[in-house]
Amino acid sequence: MRCLTVGWVGTSKALNAVRAELEDYGHRSADEGVDLVIDDGGQPLPIRLAGTPRLSLRLGIGSPTESGLPVVQLRSYNHDHCLVSVLDVAEEPSGNGHQLCRRATRALVEWVALQVSRLARDPQLCVSPAFANDWPDQDLQSLDALAYLHRFNRTADPALLRAAQVPMIERLQASLITFAERPALYIAGEVVTYRQLQTQAWAIQQRLAALLEGVEGSAIVGVCLEKSVALYASILAILGCGAVYLPVAAEHPLRRQQAMLESAGARVLLDEGHHPLREHFTALDVRGCDLQDAAPPLPPLGQTQALRASCSSRPAPVADQRRAAQPGQPGALHRLVLWLHGVE
């Protein structure tokens with residue numbers, strides 16, 4: 001088998017994977033004097049390569065199966081646009097589009113490597129009997145896009161649409177009551193149940209709601225607290241008030257903290273009573289919220305958003321309240337807070 005000089009036309013990840021595999025086999029990549037052109041359909045073929053033997057890679061994408069993902073068929077054509085070969089990619093049962101993309105890419109790489117090896121042995125690329133279905137040809141960029149599909153993202157599902165109509169804070173509060181006696185947090189050797197956490201959150205929420213009274217739209221609330229029960233309770237309180245959560249890191253320079261709070265238009269700063277910027281903002285010492293006077297949870301006032309501190313002085317929006325998880329099992333609240341901080 002002789003080594004070929006291959007020209008490439010396209011920028012898809014799948015085509016790059018094919019190129020890397022063929023180079024490992026000893027084939028060379030070049031722009032001039034090529035023996036074979038391989039394209040992914042994403043870019044027009046240069047005129048200078050019009051008469052060169054070609055392997056044009058395309059795919060057909062079918063309707064979603066029970067897994068929620070479509071069926072994929074790989075196709076290759078020669079320079080006369082005659083069908084050379086067809087490969088049906090095995091279905092991906094997980095419903096994870098990323099897995100389907102990886103499976104299809106691996107199949108594509110091996111399939112193309114085999115065709116190129118045959119061509120290297122026989123310069124006259126013969127068209128073997130192959131039949132494609134009636135799905136339209138698409139370029140390999142469409143294969144990359146499959147990675148963003150997931151069966152859980154099928155928002156046309158009536159059940160998912162109905163669930164999306166229930167605000168996250170309502171589902172969260174219902175779960176806090178349902179799993180009241182389960183452990184919610186393990187901090188410094190202390191076990192805190194969802195009931196205890198909710199009680200502290202209610203106390204903070206009452207004080208916070210009074211400070212936000214009369215504010216139009218979603219008020220922004222800065223939070224500068226170390227990892228503690230008070231931090232998680234404060235986040236729940238902000239969610240319950242329909243406000244925007246803005247984490248402020250105490251280890252950051254004070255000027256940066258102030259710039260972030262001012263830039264975001266923070267209305268309240270939650271701390272432990274000794275933050276240097278208390279005099280510049282309406283501040284609430286969460287330690288002073290009396291748990292004995294905690295009333296039942298306040299009704300949600302609206303959709304809640306979170307802001308995550310970015311590297312710049314302007315915080316970047318993360319997500320709205322409907323997309324966070326419910327505390328259906330121990331540790332779920334911890335994952336919710338990690339998500340708000342951008343850790344997960």
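The buried residues of helix α1 pack against several other elements of this predicted model: strands β1 (5-9), β3 (36-39) and β4 (54-64), together with helices α2 (97-121) and α3 (141-145). The residues of α1 that are buried are Ala-14, Leu-15, Val-18 and Leu-22. When the helix is viewed down its axis, these buried residues fall within an arc of 100 degrees, so they line one face of α1. The face turned away from the buried side carries the exposed residues Lys-13 and Asp-24. Helix α1 therefore has a buried face and, turned away from it, a face with exposed residues, because its buried residues lie within that arc of 100 degrees.

The length of this helix can also be checked. Just after α1, Gly-26 takes a positive phi of about 105 degrees.

Helix α1 also contains a pair of charged side chains. Side chains of opposite charge can pair when their charged atoms come close. Arg-19 and Glu-23 form a salt bridge, with their closest N and O atoms 3.2 Å apart. Both residues lie in α1, and the 4 residues that separate them correspond to about one turn of the helix. How accessible are the two partners?

Since 5 of the 5 residues of β1 are buried, the strand is largely enclosed by the rest of the structure.

Strands of a sheet pair through backbone hydrogen bonds, either parallel or antiparallel. Strand β1 is joined to β2 (residues 28-29) by 2 bridges, and these two strands run parallel. Within this pairing, Thr-5 has Arg-28 as its bridge partner in β2, while Val-6 has Ser-29. Strand β1 is also joined to β3, by 4 bridges, and these strands run parallel as well. Here the bridge partner of Trp-8 is Ile-38.

Where do these strands stand in the sheet as a whole? The sheet is open and is formed by 6 strands in the order β2-β1-β3-β4-β5-β6, with mixed pairing. Its edge strands are β2 and β6 (83-88), each of which pairs on one side only. Strands β1 and β2 run parallel. The chain crosses from β1 through α1 to β2, and this β-α-β crossover is right-handed.

The structure holds 8 salt bridges. In one of them, the side chains of Arg-58 and Asp-39 meet at 2.9 Å, N to O. This pair links distant parts of the chain, as Arg-58 lies in strand β4 and Asp-39 in strand β3, 19 residues apart. Both Arg-58 and Asp-39 are buried. These two residues also belong, with Arg-54, to a network of salt bridges.

Another salt bridge joins Arg-75 and Asp-137, whose closest N and O atoms are 2.5 Å apart. Arg-75 lies in strand β5 (residues 70-77) and Asp-137 in the loop between α2 and α3, so the pair ties together parts that are 62 residues apart in sequence. Are the two partners buried or partly exposed? Arg-75, at 1% relative accessibility, counts as buried because its value is under 20%. Asp-137 is partly exposed, with a relative accessible area of 35%.

Finally, the chain may be considered as a whole. It has 9 helices and 14 strands. Of its 344 residues, 44% are buried. Among contacts in the chain with a separation of 6 or more, 64% are between residues 24 or more positions apart.

Note on methods:
Residues numbered from 1 in each chain as written. Predicted model: local features only at pLDDT ≥ 70, side-chain atom pairs only at ≥ 80, totals over all residues. Heavy atoms only, no water. Buried < 20%, exposed > 50% of the residue type's maximum accessible area, 1.4 Å probe, protein only. Arc of directions from axis to C-beta. Contact = heavy atoms within 4.5 Å. Salt bridge = Lys/Arg side-chain N within 4 Å of Asp/Glu carboxyl O. Pairing = 2+ DSSP bridges. Right-handed = clockwise from strand over helix to strand, strands pointing away.
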